[in-house]
Amino acid sequence: GRLSMSFGDRVATTSQPLVRRLLRLMEEKRTNLCVAADLGTARDVLQLADKVGPHICLLKTHVDSISDFTAEFPKQLTELAERHNFLICEDRKYGDIGSTSADQYSSGLFSVSSWAHLVTVHALPGDGQLTALSDRAAGAERGALLVAEMSSKGCLVQPAYTAAVVKMAEAHPYFACGFIAQSSVSSDPRFLVLTPGVSLVSTADGHGQQYSSPERAVGERGADVVIVGRGVTRAEDPAAAAREYAQRAFSAYLQRLK
Ligand code: 5BU
């Protein structure tokens with residue numbers, strides 16, 4: 001299953017182009033780190049992306065938190081992604097009826113479908129949302145990560161909900177690339193499991209976020225990719241911090257294969 005296979009060997013288990021590309025990238029670049037670039041201006045996010053770019057497989061954005069967003073931002077971020085060889089995930093957590101989510105995805109100020117390889121989606125509304133988003137991807141290499149569990153204290157998600165989210169992904173493997181989760185929700189090697197709530201300096205943030213280490217996330221809980229925000233963005237040297245998180249997460253992954 002997923003946990004005992006290398007990223008490289010998992011490429012052959014799926015025809016989803018984006019999953020194949022990300023697995024190859026992780027294997028070749030030897031990183032399973034996603035940095036959550038949660039900073040307030042376009043310049044700060046781009047500067048961070050340039051610094052951490054060599055150490056990451058994925059950069060995660062919250063583009064609606066950027067105060068000075070213009071169409072220049074995704075253009076420049078895409079250039080950095082190409083230069084440093086990482087993919088981009090907009091953590092929008094779509095959660096409406098398919099028609100509305102699809103409009104939010106493909107139009108409006110952000111035009112997310114034109115630049116984000118991956119987006120996050122709440123499965124709550126049902127699978128019409130996935131087919132609607134997938135239609136708007138219009139043949140581009142695009143995909144969704146389904147929120148199967150959350151890292152925050154008091155999260156209302158129950159095991160039966162998580163199991164239903166996994167079933168939904170299994171029914172839509174052309175667009176569902178995997179899960180945001182806190183445990184090994186699926187052993188299917190086609191699906192990526194990404195885990196936020198990873199820090200080496202904090203255990204909580206006072207607003208519900210709960211942290212564990214990269215070793216715990218990858219080795220014990222079964223994450224493929226660890227997502228680190230403030231552990232990197234608030235470090236004195238974000239590039240050095242990203243390198244450390246990447247090394248620790250990738251070592252834990254190699255250890256898992258033994
Ligand atoms: P942090 O600074 O490392 O706590 O940032 C974590 C990021 O992951 C942040 O962008 C959140 O929006 C995101 N996140 C999360 O923390 N927990 C979840 O369950 C999900 C997303 Br889904």
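Modeller: A residue is buried if 20 or more other C-beta atoms lie within 10 Å of its own, exposed if 12 or fewer, and partly exposed in between. Please keep in mind that this is a predicted model.

Biologist: Where does Met5 fall on that scale, and why?

Modeller: Met5 has 17 C-beta neighbours inside 10 Å, so Met5 counts as partly exposed. The residue sits in the segment before helix 1, which covers 7-10. Leaving out residues up to four places away in sequence, Met5 touches Arg10 and Pro189.

Biologist: And Asn32, is that buried or exposed?

Modeller: Asn32 counts as buried, because 28 C-beta neighbours lie inside 10 Å. Its place is in the loop between helix 2 (17-29) and strand 1.

Biologist: What does Asn32 touch?

Modeller: Not counting residues up to four places away in sequence, Asn32 touches Met26, Cys57, Asp224, Val225, Val226, Ala249, Phe250 and Tyr253. Among these, Ala249, Phe250 and Tyr253 are also buried residues of helix 10.

Biologist: Let us turn to helix 10, then. How many residues has it, and how far does it reach?

Modeller: Helix 10 has 20 residues, 238-257, and reaches 29 Å from its first C-alpha to its last. That is close to the 28 Å expected at 1.5 Å a residue.

Biologist: Which of its residues are buried?

Modeller: The buried residues of helix 10 are Ala241, Ala242, Tyr245, Ala246, Ala249, Phe250, Ala252 and Tyr253. They cover an arc of only 155° around the axis, so they are on the same side of helix 10. Leu254 and Gln255, on the other side, are exposed.

Biologist: What does the buried side pack against?

Modeller: The partners of these buried residues are strand 1 (33-36), helix 3 (42-52), helix 8 (214-220), strand 8 (225-228) and helix 9 (230-233).

Biologist: You mention helix 3; which residues are buried there?

Modeller: Val45, Leu48, Ala49 and Val52 are buried in helix 3. Seen down the axis, the buried residues of helix 3 fall within an arc of 100°, so they line one face of the helix. Their cover includes strand 1, strand 2 (58-61), helix 4 (72-84), helix 9 and helix 10.

Biologist: How many residues are in the largest nonpolar core?

Modeller: That core has 81 residues, and those with the most contacts inside it are Leu33, Val35, Ile56, Ala144, Leu146, Phe179 and Val226. Helix 10 gives the most to this core, with eight residues.

Biologist: What is Val226 in contact with?

Modeller: Setting aside neighbours within four places in sequence, the contacts of Val226 include Asn32, Leu33, Cys34, Thr195, Val198 and Pro214.

Biologist: Changing topic, which residues come nearest to the ligand?

Modeller: Of the 17 residues around the ligand, Met150, Ser151, Pro196, Gly229 and Arg230 come nearest. The shell divides into seven nonpolar, seven polar and three charged residues. Strand 8 and helix 9 each supply at least two of its residues.

Conventions: Residues are numbered from 1 along each chain as its sequence is written. This is a predicted model: local features need pLDDT of at least 70, side-chain atom pairs count only at pLDDT 80 or more; totals for chains, interfaces and linings use all residues. Helices (H or I, at least four residues) and strands (E, at least two) are DSSP runs, numbered from the N terminus. The expected span of a helix is 1.5 Å times one less than its number of residues. The arc is that of the directions from the helix axis to the C-beta atoms. Two residues are in contact if their C-beta atoms, placed from the backbone, lie within 7 Å. A residue is near a molecule or strand if its C-beta atom, placed from the backbone, lies within 6 Å of it. Ala, Val, Leu, Ile, Met, Phe, Trp, Tyr, Cys and Pro count as nonpolar, Asp, Glu, Lys and Arg as charged, and the others, Gly among them, as polar. A nonpolar core is a set of buried Ala, Val, Leu, Ile, Met, Phe, Trp, Tyr and Cys residues joined through C-beta atoms within 7 Å.
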